[in-house]
Every structure is written in C-alpha cells, then in structure tokens.
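Here is a short report on one protein chain. Look over the sequence and the model before reading on.

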Amino acid sequence: MKRRLLAGAIAMASLVSGAGRAQPAEWQTIVGRDLRFRVEMPAPATESKAAEKEKGHASERIGWASKLNGEMFDFDYVDYQPGWYSERDTKVMARELGRGEAEKAFPRARFKYVRDEPVTLQGWDGYALDIEDQGGAVVMMRTYIVKDRLYRLLVTAKSEDTNKAAATRFLDSLRLAQTRQ
C-alpha cells in the first residue's frame with residue numbers, strides 16, 4: 001500500500017514539475033476598472049499610465065506590457081471626447097490608426113505585409129496589420145474603435161510556432177463588454 005502511494009506521489013510530482021519539459025508560461029487576465037474589456041497577457045503584466053494627451057483625448061492612456069521569451073506584448077486604450085469617433089466613419093479611422101506610421105517604419109521593400117485589412121471585434125470596427133521580416137519574425141498589431149474609445153494591441157513574435165501561437169492567443173483574447181448590433 002505504501003509503495004503504491006509513494007509511486008503515485010512520484011508520478012504526481014513529475015507531472016507537476018514537468019519532468020524536465022518546458023512548462024507553458026503563466027498568463028494573467030487584465031480586466032478594465034470600468035469592466036468594459038478583458039485581455040490575456042503573459043504574467044507579469046505591468047500597468048502604465050501616460051498623462052500626455054493628444055488631440056481629442058478625454059483621458060490618459062492606460063496600458064499594460066509584458067514579455068514572453070523576449071517578445072513584447074503591449075495593450076493600451078484611451079478615451080476620446082464624445083463624438084470623436086462615433087460621429088465619423090470608424091472603418092476609415094481604424095485603418096488610419098491601425099496603419100499609423102507603419103509604412104515609414106516598415107518599408108515594403110524590406111518587409112512583407114502578411115495581413116493588412118479591416119477586421120471587426122464583436123461588431124466594432126478595427127484594423128489588423130501583421131508585418132514580417134526576412135527571417136520570419138513578425139510584428140502584429142490590432143486597433144479597435146468602440147464608441148469613442150480606442151483599443152490597441154501590439155505583439156512581436158519570432159518565427160517559431162510557439163512564439164506565434166502565444167502572439168495569436170494574446171490578440172484573440174480581447175473581449176469587450178459592449179457588442180455592436
């Protein structure tokens with residue numbers, strides 16, 4: 001009886017320890033103080049606030065950043081003045097914001113734009129931009145406009161499948177409390 005218990009304990013310990021195998025990274029869920037969103041990031045994620053305000057901002061920019069295997073995971077949002085986006089064509093605005101300065105920073109002669117298109121999240125307009133270098137590493141960006149709030153996600157990933165899977169998990173994890181009908 002003791003032998004079976006000891007064998008079971010050893011088996012359980014090896015499962016818990018991973019018996020030398022790499023364990024998946026711990027992830028944490030970030031929930032907005034106003035409960036309007038949630039997103040998953042590798043732990044630990046560090047919160048930051050940027051007091052500088054750009055034209056149209058109604059609040060400071062609040063963001064979180066973390067790293068996994070040396071790759072960056074960044075998420076932020078900022079509220080704009082009432083009507084700033086909600087009274088405009090959000091498809092056009094999402095494209096402009098999603099592309100930003102990308103063509104200057106990542107010239108098409110040296111980088112491949114693997115995804116460059118409008119997207120939606122729960123009915124809200126957004127933009128997806130994934131740029132790959134010659135070695136297969138990518139920068140993946142998502143921008144979403146929800147009423148007069150702007151959400152942005154940015155992640156880098158080396159060419160390995162595990163890095164790209166973590167990047168995709170992060171980008172796909174954003175959930176909003178509001179659905180556009």
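## Helix α4

An α-helix has 3.6 residues a turn, so residues three or four places apart point the same way.

Helix α4 spans residues 161–172 and reaches 16 Å from first C-alpha to last, close to the 16 Å expected at 1.5 Å a residue. The expected span is 1.5 Å times one less than the number of residues.

## Basis of the model

This is a predicted model: local features need pLDDT of at least 70, side-chain atom pairs count only at pLDDT 80 or more, and totals for chains, interfaces and linings use all residues. Residues are numbered from 1 along each chain as its sequence is written, and side-chain values use heavy atoms, leaving out hydrogens and water.

## Strand β9 and its partners

Strand β9 (residues 149–157) is mostly covered, with seven of its nine residues buried. Two partners run antiparallel to it. Strand β8 (residues 138–146) pairs with β9 over nine bridges, and strand β5 (residues 71–79) is joined to β9 by seven. Pairing requires at least two DSSP bridges between the strands. Val 139 stands opposite Thr 156 in β9. Asp 76 stands opposite Arg 152 in β9.

The hairpin of β8 and β9 has two residues between the strands. There, Lys 147 takes a positive phi near 55°.

## Cores

The largest nonpolar core has 30 residues. Such a core is a set of buried Ala, Val, Leu, Ile, Met, Phe, Trp, Tyr and Cys residues joined through side-chain atoms within 4.5 Å. Phe 37, Trp 64, Phe 75, Tyr 151, Phe 170 and Leu 174 touch the most other members. Apart from this core lies another, of eight residues, among them Trp 84, Tyr 85, Met 93 and Ala 94.

## Whole chain

The chain has four helices and ten strands. These are DSSP runs numbered from the N terminus: helices are H or I, at least four residues, and strands are E, at least two. Buried residues make up 42% of the 181 in the chain.

Notes: Buried < 20%, exposed > 50% of the residue type's maximum accessible area, 1.4 Å probe, protein only.
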